[in-house]
Amino acid sequence: MADYTNRDPRTLMAPPFTATIQMRSIIVGVIGAVVCLVGLFIPGGADHLLHSWLVAFMFWLGLSLGCMGLLMLTYMVGGWWGFVPRRIFLAGAQNVFLMAIFFLPILIFSSRIYEWMTPEFRNALPPEQAHLWKFASYLTTSRFIIASIIYFVVWMGMAFLLAKWAGERNNSPGNDREWRLKFQRLSAPGLILYCLTMTFASFDWVMSLDPHWYSTIFGMIFLAGQALSALSFTAAICILLSKAEPMSLFFKKDIMHDIGKLMLAFTMFWAYVSFSQFLIIWAGNLPEEIHWFLNRLEYGWEVLAIGIIVFHFAMPFSLLLSKDVKKNRVSLTVTAILIMFMRYVDLYWYIKPNFHGGGNFKFGWLDIATAAMMGGFWMAAFLWNLRKRPLFPVNDPLMDTALEHLGEKQFQHQH
């Protein structure tokens with residue numbers, strides 16, 4: 001075992017096998033990109049590609065923003081649970097720059113995704129609806145573009161500062177209180193900005209796919225899902241990295257248990273807000289509201305709905321209630337992967353029925369290609385960010401406690 005108490009950052013870098021995973025991720029991304037290009041040349045492929053692109057984009061963007069939100073949360077509340085995965089949160093948050101690139105096709109071809117941008121939709125609106133603020137001022141192409149740019153400027157600005165200050169803190173020991181306050185001064189308003197911008201982004205990019213439908217709790221459902229998927233991803237990555245030092249020495253069962261409890265909490269919160277949306281709309285029984293659920297409860301979409309209830313809530317909830325599951329690497333990894341997969345299915349159920357009047361449920365190969373392409377490049381960029389700096393913040397006060405603990409174990413091992 002290396003002498004980690006010497007505070008040499010080189011002893012705390014990611015293990016070499018992450019470079020192999022990074023290369024394989026690039027290969028997956030390239031293959032997915034080639035398949036997406038092929039899809040452009042088949043009849044109707046361009047529209048299908050854009051629809052699948054939006055689903056994949058919302059999933060991988062949610063993973064980036066979920067990591068950023070959790071990173072700022074660790075700076076606000078402190079604690080040992082957030083110290084170990086902090087670099088994973090940071091590496092994931094930095095991928096918001098990559099997601100800005102993946103958003104360009106949506107921005108450029110937005111009129112082929114959102115029907116309210118087309119002249120045909122505007123001309124068909126009854127006069128009493130055309131003069132509503134929603135259609136006259138909010139659902140406009142110019143506002144959509146400006147708002148989308150603002151969202152990414154805010155997200156990229158916060159990610160840039162968090163990464164910049166993390167690097168500076170590594171190279172400047174001392175002044176712990178000043179650094180803690182500096183991160184908190186960004187994280188406190190940053191969490192509010194994240195919640196506000198993601199709420200409106202969910203309205204603009206997903207809810208407006210059905211311009212006649214609305215839900216006031218829609219943004220909260222996305223925020224809860226992003227936090228849940230980011231926690232699940234972090235648990236799986238920590239367990240993967242714990243196959244070798246230094247993560248194997250820091251990521252113990254108590255940390256696994258803490259992250260598992262947070263996964264359980266956000267599973268329940270996501271289920272609560274999702275069911276609340278359904279209950280309120282169904283109880284109201286208003287034609288302009290219930291059609292959204294009716295389109296998703298027939299023609300095969302009901303199978304996905306049942307699957308989401310069972311595998312996105314009931315099964316993870318049941319598994320994560322067990323302390324043994326939360327403290328077992330294999331069972332926690334399987335649960336985390338299941339939650340992430342069902343998060344994609346949930347987004348697919350939210351987005352795809354909006355196109356072509358819903359129609360029969362049909363999962364296409366372009367859905368797999370877009371998810372694989374973005375996922376491959378996202379994972380490669382994540383590992384590149386992760387491998388640039390030590391896996392743990394060297395000059396954080398919590399590092400002293402960790403190193404003292406490791407020093408004692410190393411002494412016992414040597415004697």
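In this predicted model, the side chain of R343 lies over the face of F222, at 5.6 Å from the ring centre, where a charge is taken to sit over a ring if NZ of Lys or CZ of Arg is within 6 Å of the ring centre and within 35 degrees of the ring normal.

Residues are numbered from 1 along each chain as its sequence is written. Local features need pLDDT of at least 70 and side-chain atom pairs count only at pLDDT 80 or more, whereas totals for chains, interfaces and linings use all residues, and side-chain values use heavy atoms, with hydrogens and water left out.

By the salt-bridge rule the count comes to six. One of them joins the side chains of R143 and D204, at 2.7 Å from N to O. Because R143 lies in helix 9 (residues 141-170) and D204 in helix 10 (residues 176-205), this pair ties together parts that are 61 residues apart in sequence. Both R143 and D204 are buried. Another salt bridge is formed between D367 and K352, at 2.8 Å from N to O; this pair links distant parts of the chain, with D367 in helix 18 (residues 365-386) and K352 in the loop between helix 17 and helix 18, 15 residues apart. D367 is buried at 0% relative accessibility, and K352 is buried with a relative accessible area of 9%.

The largest nonpolar core has 135 residues, and those with the most contacts inside it are F57, M58, Y114, W155, W205 and F382; such a core is a set of buried Ala, Val, Leu, Ile, Met, Phe, Trp, Tyr and Cys residues joined through side-chain atoms within 4.5 Å. Helix 2 (residues 45-77) supplies the largest share of this core, 19 residues. When neighbours within four places in sequence are left aside, Y114 is in contact (heavy atoms within 4.5 Å) with L54, I106, F144, D204, W205, S208 and L209.

Aromatic pairs, in which the ring centres of Phe, Tyr or Trp (its six-membered ring) lie within 6.5 Å, come to a count of 46. The rings of W213 and F218 have their centres 5.8 Å apart and their planes at 75°, so this pair is edge-to-face, the term for planes over 60 degrees apart, with those under 30 counted as stacked and the rest as tilted. W292 and F293 form an edge-to-face pair as well, at 4.9 Å centre to centre and with 80° between the planes. Both W292 and F293 are buried, while W213 is buried at 2% relative accessible area and F218 at 1%. One aromatic cluster is formed by F59, W60, F233, W301, Y344, Y348, F361, F363, W378 and F382.

Conventions. Buried < 20%, exposed > 50% of the residue type's maximum accessible area, 1.4 Å probe, protein only. Helix = DSSP H or I, 4+ residues; strand = E, 2+ residues; numbered from the N terminus. Salt bridge = Lys/Arg side-chain N within 4 Å of Asp/Glu carboxyl O.
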